[in-house]
Amino acid sequence: MVSSGFKAMLLKLGVPEERLSVLEGKGGIVEDEFNGIRYVRFRDSAKGFRRGTVVFENGDVVLGFPHIKRIIHLENGIRRVFKNRTFYVEEKVDGYNVRVVKVRDKILALTRGGFVCPFTTERIPDFVNEEFFRDYPNLVLAGEMAGPESPYIVEGPPYIKEDIQFFLFDIQEKGTGRSLPVEERLGLAEEYGIEHVETFGVYDRSKIDELYELIERLSRERREGIVMKTPDMRRIAKYVTPYANINDVRIGSHIFFDLPHGYFMGRIKRLAFYLAERKVKGEEFDEYARALGKALLRPFVESIHEVASGGEVEEVFTVRVKSISTAHKMVTHFERLGVKIHIEDIEDLKNGYWRITFKRVYPDATREMRELWNGLAF
Ligand code: ATP
């Protein structure tokens, strides 16, 4: 349900009345609240309002973070997307997307789906200088939260040894969602001391061999990939390393039944195109084949053993919070996402932080495995 005040505001912002009632009818827009600030989040898109858009009670609009085109064949993809243009190459950091915004006097962190995340909102002042929003209240910082202690992602990048960090990769205007040019973004990151994703320089399609080398290096370093962006941010494309494709399969196969088939298909497809484009043969090819096979099978078989011996398919993760109430808010937040987690352990780190251990159980995957193990026939 959306209150009449919000409805009037959305109409004024240009959402057509018909679309509004359709959206409302099927739960495509939902009204929510965080620490006294009310907002509406778009679960579906509507006329210029991308999925994940958030409209706050004061009229501030933060557009959903846009989809980034994926390139599968690096050389041909670059030719198609960028033609003869130059583009910046940045690291694609493996974490979760957040949009950081100041609404009234509060700095909030929004998830891709348009929720205010209690954990990220509590931690964001550790990484983003508040001065930035004093000077630019109309801008939104988009970045990746990444690290081994994350509520949404099983693993972090190899170079973050503990906790979590924020890496800026886009600055957009409230309302329009327009991105600042790359140079301006880099300048602001530097000026306000905001950590930025690593940039590898400016390339064009004539430098494909250097890009192949970069991808090989990132893959060896167990990093996820690259995002390529024209200086004006109008053309953007992503490409992931063979390492990341295999590693995602490994992480996913632990909860095999909980993921759509497309999760595995997409990653196997990307790896196959990499092997074909780079003409990988012989021993190197065999190594990839072995790595993929192991990634797909080992965690899957381990889960079966776990369930067969009476256990459950589960994941354990830890996060650091400043207040224990934030951990409880995360349990409620996950409930709203339809995910069951519970707090396993609370440890005082004696430095102003608590380390919270959560356990997430996968009831559907567990049930399906148990039934198959017990001989259910189709
Ligand atoms: P979509 O397909 O809609 O882009 P997705 O979640 O399926 O979303 P991903 O493969 O995760 O796509 O890649 C896009 C995400 O990569 C972005 O939403 C962002 O969170 C993350 N990302 C990490 N580093 C960067 C970067 N340097 N520039 C842009 N996005 C980045």
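Colour the chain by pLDDT to begin: this is a predicted model, and the protein chain averages a pLDDT of 96. A score of at least 70 is reached by 100% of the residues. For the model, ipTM is 0.97 and pTM is 0.96.

Centre the view on Arg 205, which is placed in the loop that runs between strand β11 (199-203) and helix α7 (208-220). The relative accessible area of Arg 205 is 37%, so this residue is classed as partly exposed.

Is Ser 219 buried or exposed? Its relative accessibility is 11%, and Ser 219 therefore counts as buried, the cut-off for that class being under 20%. The separation in space is 38 Å, while 82 residues separate Ser 219 and Pro 137 in sequence.

Finally, turn to a patch of another kind by selecting Leu 372, Leu 376 and Phe 378. These residues make up a nonpolar surface patch, and their accessible area together is about 360 Å². Within this selection, Leu 372 belongs to helix α12, which covers residues 363-373. Leu 372 has a relative accessible area of 36% and is therefore partly exposed.

Note on methods. Residues numbered from 1 in each chain as written. Predicted model: local features only at pLDDT ≥ 70, side-chain atom pairs only at ≥ 80, totals over all residues. Heavy atoms only, no water. Helix = DSSP H or I, 4+ residues; strand = E, 2+ residues; numbered from the N terminus. Buried < 20%, exposed > 50% of the residue type's maximum accessible area, 1.4 Å probe, protein only. pLDDT = per-residue confidence, 0-100. Patch = residues over 30% accessible without salt bridge, like charges linked within 9 Å, V, L, I, M, F, W, Y side chains within 5 Å. Areas by Shrake-Rupley, 256 points an atom, 1.4 Å probe, with all protein chains shown as cover. Salt bridge = Lys/Arg side-chain N within 4 Å of Asp/Glu carboxyl O.
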